[in-house]
Amino acid sequence: MKRKPVDSLSAFQLNRRNVLKGASGVAGTAVLAGLPASQARQNSAVSFTHGIASGDPLQTRIILWTRAYPAGGEARKMKVSWQIASDEAFNHVVNQGEAETGPKTDYTVKVDAGGLQPATNYFYRFSCEGTQSMTGRTRTLPAAGVEQVSLAVVSCSNYPQGFFHVYREIADRDFAAVLHLGDYIYEYPEGIYSNEDMTSEHGRKVEPKGEVIALDDYRRRYALYRSDPDLQAVHAAHPFICVWDDHEIANDTWRTGAQNHNDGEGDFNDRKIAALQAYHEWLPIRDNTEGDQNKIYRSFELGELATLIMMDTRLVGRDEPLTYGKDLPPRTVPFRFEEGKTPVALTDTGAASPDADATVRQIPVPFRINGNDAQPILDWNEIQALDPNNLPEGVTYLPDLERFKNDILPASDRSMLGSEQQAWLDATLKASKDAGKPWQILGQQVLSGKVGIPMIADDDIDTSKNSFVTPRQIAEFRALSAMDLPLNLDAWDGYPAAREDLFSSIEAHAENVVLLAGDTHNAWAFDLADEQGKPVAVEFGTAGVSSPGMEEYLPVQPDVVAEAIKAKSPELKFLDSSHRGWLELQVERDAITATFRFVSTVRNADYELATPVQRIVKAGKHKMES
């Protein structure tokens, strides 16, 4: 397939629906910082260069969105009219009104349009000061009597990493809604986590050029992404239901901080507030009725078939994630401390422990490495003479993997959801089951399936290819793999006690659960079980829209990677580690069918669709068909 040109209205026309008609349907990758594109009408006082969108559909209401920008960037308030109709010609307008916008909301407009009928297609448009927007198509959720509902699931769309072919493909298909599980934008500065060919040859450079930190930065980054014609097309074709992940704020975000935030970038809470304000301005999401925009978790009823529960596993309740880099404790040896004497190492395995003897303390000790042999240095004076930050060659501190695995990782006081969201989830699951809904679909950000660290042989590693993984890191991974430690501590694997709480909630309150996840850029399918091995649910993780997957970091054939990860991950039933794509769900009373779809590349304008992969889970089974 070949991308259509983006210099005319045809770039926004859907192949089968032709719904994107309008006088000002003009935009392109030149739209930066909210400024009108060069193609915009020269004589128009207002332009709709960032398209239109709809979201958070209910049975009788839906959010409509646009951005009306004044010519020349003049800071002023404007009145924007809107209409929603049952026909594309707008002969049967079912609701209309007027909204105000201006600099306070970055000229974005959000309307909660009501008076609609369930399971019905509608068309909508905006106008302002004589300029009319393109026309969008949307749909309300079913109330009762529906036999199936189809959803598209996406995540991880990185503008300078590749084209948004996935969005274009989804725009040309029929869905009740598109679920976006986060990383709608990325916050990195120019040249960081980008592809050189995409930025230099295809002009997909970020704006602003620096890291996104302040409110204006986030707004400009959303404006850039929303200038993309494929993203505009998918928004104009389907309602979106969104949750954020980390990159809408900063990499590896938790409640009070992020890996990609430091003291020199100001107060993290100020950054978070700015990020969430821009998110709510630029996405067609219903604002929290309590006024707390930190709360994004909410639910939707898919007729009598399912409750869609959109969770926040990133921001509202998550404690700081562990990392192997900073949280692996060093190996220790017990030393006896007696007044007036040099401390002595206790090498007898039956020696007193620190708990039983106040004179005994566990002390981190360095090891002398000779080939595969590692001997602890036990002479107290030699230990004291060493500088931990400048150790001699052949001497190092080794991690205590046993202690990390058995004590630190499974700590029960580390939260993923937070107590308030957990209580809400319990009540929502129970209400769905009590209402006779056969399915509860949990849309969230990160994988809950258990993923081990693959053990890959040297012969399978192509050392001729550039790799982000160094030989030393490979050796470290192998040590972690030998201990059956998890691959990704930023996912539910890093919060195993909280995951068991989630599974207990599902077992106690739900009927049949399917979890959805994004974040990894790769496609996954798991049969989930609790600590006792009892089947609990299934999980489908969608591939990324354009963000690179494992193929860019491991110089190993994808099939080898997949088999090696499966060998360490008994719950894992499917993995595609090398394609970008999306997930389709067909929800019926007796079964949910998941179809993984992939594009051959996001780095070229020409692409093909790869062979889809399908998995089915039937009601009452809590696992996929074999």
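Me: Why is glutamate 301 called partly exposed?

Reply: The model is a predicted one. Glutamate 301 has a relative accessible area of 30%. Buried requires under 20% and exposed over 50%, with partly exposed in between, so glutamate 301 is partly exposed at its 30%.

Me: What makes lysine 437 buried?

Reply: The relative accessible area of lysine 437 is 11%. The limit for a buried residue is under 20%, and therefore lysine 437 counts as buried.

Me: How do you know that lysine 437 forms a salt bridge with glutamate 301?

Reply: The closest N and O atoms of lysine 437 and glutamate 301 are 2.4 Å apart. A side-chain nitrogen of Lys or Arg must lie within 4 Å of a carboxyl oxygen of Asp or Glu, so the pair qualifies.

Me: Why is arginine 314 counted as buried, and why is aspartate 245?

Reply: Arginine 314 has 0% relative accessibility, and aspartate 245 also has 0%. Buried means under 20%, so the label applies to arginine 314 and to aspartate 245.

Me: What makes the contact of arginine 314 with aspartate 245 a salt bridge?

Reply: The closest N and O atoms of arginine 314 and aspartate 245 are 2.8 Å apart, and the cut-off is within 4 Å, so the pair is a salt bridge. Arginine 314 lies in the loop between β17 (306-310) and α6 (324-327), while aspartate 245 lies in the loop between β13 and β14 (253-254), 69 residues apart. Both residues belong to a network of salt bridges that links Asp245, Arg314, Arg318, Asp490 and Asp519.

Me: How do you know that arginine 298 and aspartate 56 meet in a salt bridge?

Reply: The N to O distance between the side chains of arginine 298 and aspartate 56 is 3.0 Å. Arginine 298 is in strand β16 (residues 298-302) and aspartate 56 in the loop between β2 and β3 (62-67), 242 residues apart. Arginine 298 and aspartate 56 are both buried. A search of the whole structure finds 38 salt bridges.

Me: Why are β7 and β31 called edge strands?

Reply: The open sheet has 9 strands in the order β7-β3-β2-β13-β12-β11-β29-β30-β31. Strands β7 (108-113) and β31 (613-618) each pair on one side only.

Methods:
Residues are numbered from 1 along each chain as its sequence is written. This is a predicted model: local features need pLDDT of at least 70, side-chain atom pairs count only at pLDDT 80 or more; totals for chains, interfaces and linings use all residues. Side-chain values use heavy atoms; hydrogens and water are left out. Two strands pair if DSSP finds at least two bridges between them. Helices (H or I, at least four residues) and strands (E, at least two) are DSSP runs, numbered from the N terminus. Buried means under 20% relative accessible area, exposed over 50%, partly exposed in between (1.4 Å probe, protein chains only).
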